Amino acid sequence: MAITNYLQLQQAVSDWMARADVLGNAADFISLAEARLNRELNPVEVDAALTCPVGSRTVDISSLAMVEPIALYLKDTGGELRLLPRAEGTFPRLEAVGKPAIWAIDGDAIDFNRACDQNYEFRFRFKQKFALSDAVPTNWLLAEHPDVYLAASIMWGGVYTQDGSYAASFKSLLDETIPTIRTAIARKKRGDLTIYQALSSINHHRDGWIA
């Protein structure tokens, strides 16, 4: 069975442990696994495609499990415009609808300085923690390394059932694989930085637009 979302991961924990009585506890095993994964793997910068519909000045981001916002880009035929971030309550809100230029995080939403005069698409870059739920059914780690998510969860299942050798076997697997993921993350960061520096040297920036 493919493991691509929160419900499938819970079922996989039960299937792998061959114990139907742990299905109700699988969510707890996953939460405990994520506590370790969040300690071992620093939050990674990811992108999410967002849409703000006409007439609205907010975009719901409750499903992103965000740790820290990085940047917000408005997509347009001319490229991407990086909007100005501000603290909530520190900028005026315009009555007239139009193209937003300023944004802030307001709880589980992005709040703009004005309501949108049309549907606008955005690329939101942020740091994401591991916190699967019905509202947040997947994340990059589950998509790329479902084996690690499963092993981390089953390890706690072994602790719950007081099967020390069973838990230890999955802990050993995690101890081997987590460092390789950490190395891959560091390598990607270096690659992203190199690409960004190269683009910065050849792109022409005008009024905040990135062509």
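A residue is called buried under 20% relative accessible area, exposed over 50%, and partly exposed in between. These terms are used in the legends below, which describe a predicted model.

**View 1. Overview of the chain.** The predicted chain holds five helices and 10 strands. Of its 211 residues, 38% count as buried. The accessible surface of the chain comes to about 11600 Å², and carbon and sulfur atoms contribute 55% of that area. Among contacts in the chain with a separation of 6 or more, 64% are between residues 24 or more positions apart.

**View 2. The aromatic pair of Phe-29 and Tyr-160.** Seven aromatic pairs are found in a search of the whole structure. In the pair of Phe-29 and Tyr-160, the ring centres are 5.4 Å apart and the planes stand at 55°, so the pair is classed as tilted. Phe-29 belongs to helix H2 (residues 26-40) and Tyr-160 to helix H4 (residues 146-160), so the pair links distant parts of the chain, 131 residues apart. Phe-29 has a relative accessibility of 3% and counts as buried. Tyr-160, with a relative accessible area of 46%, is partly exposed, because this value falls between the limits of 20% and 50%.

**View 3. The stacked rings of Phe-124 and Phe-126.** The aromatic pair formed by Phe-124 and Phe-126 is stacked, with 5.2 Å from centre to centre and 15° between the planes. Phe-124 is buried at 0% relative accessibility, and Phe-126 is buried as well, with a relative accessible area of 1%. Together with Trp-103, Phe-124 and Phe-126 make up one aromatic cluster.

**View 4. The four-stranded sheet around strand E6.** Four strands form an open sheet in the order E2-E7-E6-E5, and the pairing is mixed. Strand E2 (58-60) and strand E5 stand at the edges with a single partner strand each, so one side of each has no neighbour in the sheet. Strand E5 (residues 84-85) pairs with strand E6 (residues 102-106) in the parallel sense, over two bridges. E6 and strand E7 (residues 109-112) run antiparallel and are joined by four bridges.

View 5. Trp-103, a member of the aromatic cluster with Phe-124 and Phe-126, lies in E6 opposite Pro-85. Trp-103 also stands opposite Phe-112 in E7. Ala-104 has Asp-111 in E7 opposite to it. The hairpin of E6 and E7 has two residues between the strands, and in this hairpin Gly-107 takes a positive phi near 65°.

**View 6. The surroundings of Arg-123.** The charged end of Arg-123 sits over the ring of Tyr-73, at 4.2 Å from the ring centre. The side chain of Arg-123 also makes a polar contact with the side chain of Glu-80, at 2.8 Å. Glu-80 is a residue of strand E4 (residues 79-82). With a relative accessible area of 18%, Glu-80 is buried, because the value is under the limit of 20%.

**View 7. Positive phi at Ala-65.** Ala-65 is not a glycine, yet its phi is positive, near 50°. Ala-65 is placed in the loop between E2 and strand E3 (66-76). The residue is buried, with a relative accessible area of 12%.

**View 8. Positive phi at Gln-162.** Gln-162 has a positive phi of about 60° although it is not a glycine. The loop that holds Gln-162 lies between H4 and helix H5 (164-202). Gln-162 is exposed, with a relative accessible area of 74%, whereas Ala-65 is buried.

Note on methods: Residues numbered from 1 in each chain as written. Predicted model: local features only at pLDDT ≥ 70, side-chain atom pairs only at ≥ 80, totals over all residues. Heavy atoms only, no water. Phe/Tyr/Trp six-rings, centres within 6.5 Å; stacked < 30°, edge-to-face > 60°. Buried < 20%, exposed > 50% of the residue type's maximum accessible area, 1.4 Å probe, protein only. Lys NZ or Arg CZ within 6 Å of the ring centre and 35° of its normal. Pairing = 2+ DSSP bridges. Contact = heavy atoms within 4.5 Å. Areas by Shrake-Rupley, 256 points an atom, 1.4 Å probe, with all protein chains shown as cover. Polar contact = N/O pair within 3.5 Å; in protein donor to acceptor, adjacent residues only side chain to side chain.
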